[in-house]
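Hi,

Here is the structure I promised to pass on. Have a look when you get a moment; my notes on what turned up are below.

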Amino acid sequence: MDKLVITGGRRLDGAVDISGAKNAALPILAAALLTAEPLEISNLPTLHDVGTMLRLLERMGVQVRRDEGRVALQADAVTSLEAAYDLVKTMRASILVLGPMLARFGAARVSLPGGCAIGQRPVDQHVKGLQAMGASIAVEQGYLVARIERAGGRLRGARIVTEMVTVTGTENLMMAATLADGTTTIENAAREPEIVDLAEVLVAMGARIAGAGTDRIVVEGVERLNGARHAVMPDRIETGTFLCAAAATVSRHRGEVVVRGVRPRTLDAVLDKLREAGVALECDADSIRVTANGHALVGANVRTSEYPAFPTDMQAQFMALDCIADGTNRVTETIFENRFMHVQELSRLGASIEIEGNTAIVKGVPRLSGASVMATDLRASAGLVIAALVADGETTIDRIYHLDRGYQAMEAKLTALGATIRRVAG
Ligand code: UD1
């Protein structure tokens, strides 16, 4: 297993380009199953999870032609309607093939994702929604086995009220509804920008969708979908991660970092909290500049919640900032029940954090010091990288494969900004 070795205390300076969004790319790739015509996707991030989704599609018989940040997909000769355990267990978002497969082919067999490090993460809302649309779904030997028994083998439109706001659940149901008979309404829908990006692709493919980006999405099913072209939106979590890294280092060592190719409007809650924490930010239409304003970081309380509130995927990175700020701040996690595994590792770097239920009370310390730590999940790893960038001496982060799931070339991007960071093969 590869490790990252980071020597802290370097000044970051310069510009960094943000890649396409992982959480938009994954459902968009799954949408290729909805049509026999080619789907051409650009601004595709080079990430382990994207590779997993492409392998999953290839195994089903989807033609995949990839060239750097572009991929052309064609599902005109699908040979298998199964997503097997060996791939699904490495990436929970594999569940996104369920809705499209079922809607187009009338059957699907998808391994249950199982538990994951940041909590239980069940898929009951995906299942209930598809059942409301007429699917029969059973669990057999660890697999969700879904079929449509209606004459004609098509799903039917339904009114679905999800019990909680679920991002991939909303995406699965929205994709399934595009090919259903009649109109589907998804109430309590997730409003994440990635859902809007997926809806744009589906509409370009001929789907009829209204309300994506609101909590009520209405989909009028069509007979068939066609091919389309689409550029994946920029990754707002990668953007936020580089903003936190810049804020942490700029506050200590000055310098100026510009994060380019971004959509500031998708980051309102994060930008508000960074400003509250004492970070100087200037936004343009597609870039954000972090500058030293001569003031110490004061940190901020954050509470994760569904979009447009503060994202759970930015919690660990923001906590790293609070660790080095003046004062005591509270970080409350409301989405996942076990998403504080980075606390123990940040403490190894000298952070002062106490956990009370779903809240971490973070008392800022003047210095962190390098140590050996372990990445426990994707965003936790990013939080550790930020802490390591400002810690005295050397930090070794083990199990860095978590980072490779969701950040394209993170060490190359940080090196270009002036960080001292290298990968050591395990
Ligand atoms: C997506 C993101 C992930 C992000 C998360 C929350 C992708 C590929 N992943 O994950 O990066 O951290 O949103 O913003 O887009 N739940 C149920 N039953 C369900 C579905 C969800 O109980 O059927 C619960 C989950 O356990 C969790 C909450 O609902 O507590 C939100 O989960 P959800 O929005 O579904 O997360 P993902 O879509 O898996």
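A quick definition before the helices: an axis here is a line fitted to C-alpha atoms, for helices over the stretch in contact, and angles run from 0 to 180 degrees between N-to-C directions. Keep in mind that this is a predicted model.

With that in hand, take helix α11 (residues 341-348) and helix α12 (residues 378-390): their axes come within 10 Å and cross at roughly 20°. Angles under 35 degrees count as roughly parallel, so α11 and α12 are roughly parallel to each other. The crossing of α11 past α12 is right-handed. On the α11 side, His342, Glu345 and Leu346 make the contact, and α12 brings in Ala380, Gly383, Leu384 and Ala387. Sorted by type, the residues of this contact come out as 4 nonpolar, 2 polar and 1 charged.

Then there's a sheet. It is open, with 4 strands in the order β22-β23-β1-β24 and mixed pairing. β22 (372-374) and β24 (420-424) are the edge strands, each pairing on one side only. On average, neighbouring strands in this sheet are turned by 20° against each other, ignoring direction. Strand β1 (residues 3-7) runs antiparallel to β24, and 5 bridges join the two.

The run goes Gln315, Ala316, Gln317, Phe318, Met319, Ala320, Leu321, Asp322 and Cys323.

Cheers

Note on methods: Residues are numbered from 1 along each chain as its sequence is written. This is a predicted model: local features need pLDDT of at least 70, side-chain atom pairs count only at pLDDT 80 or more; totals for chains, interfaces and linings use all residues. Side-chain values use heavy atoms; hydrogens and water are left out. Two strands pair if DSSP finds at least two bridges between them. Buried means under 20% relative accessible area, exposed over 50%, partly exposed in between (1.4 Å probe, protein chains only). Angles under 35 degrees count as roughly parallel, over 145 as roughly antiparallel, 65 to 115 as roughly perpendicular and the rest as oblique. A crossing is left-handed if the near helix is turned anticlockwise from the far one by less than a right angle, and right-handed if clockwise. Contact means heavy atoms within 4.5 Å. Ala, Val, Leu, Ile, Met, Phe, Trp, Tyr, Cys and Pro count as nonpolar, Asp, Glu, Lys and Arg as charged, and the others, Gly among them, as polar.
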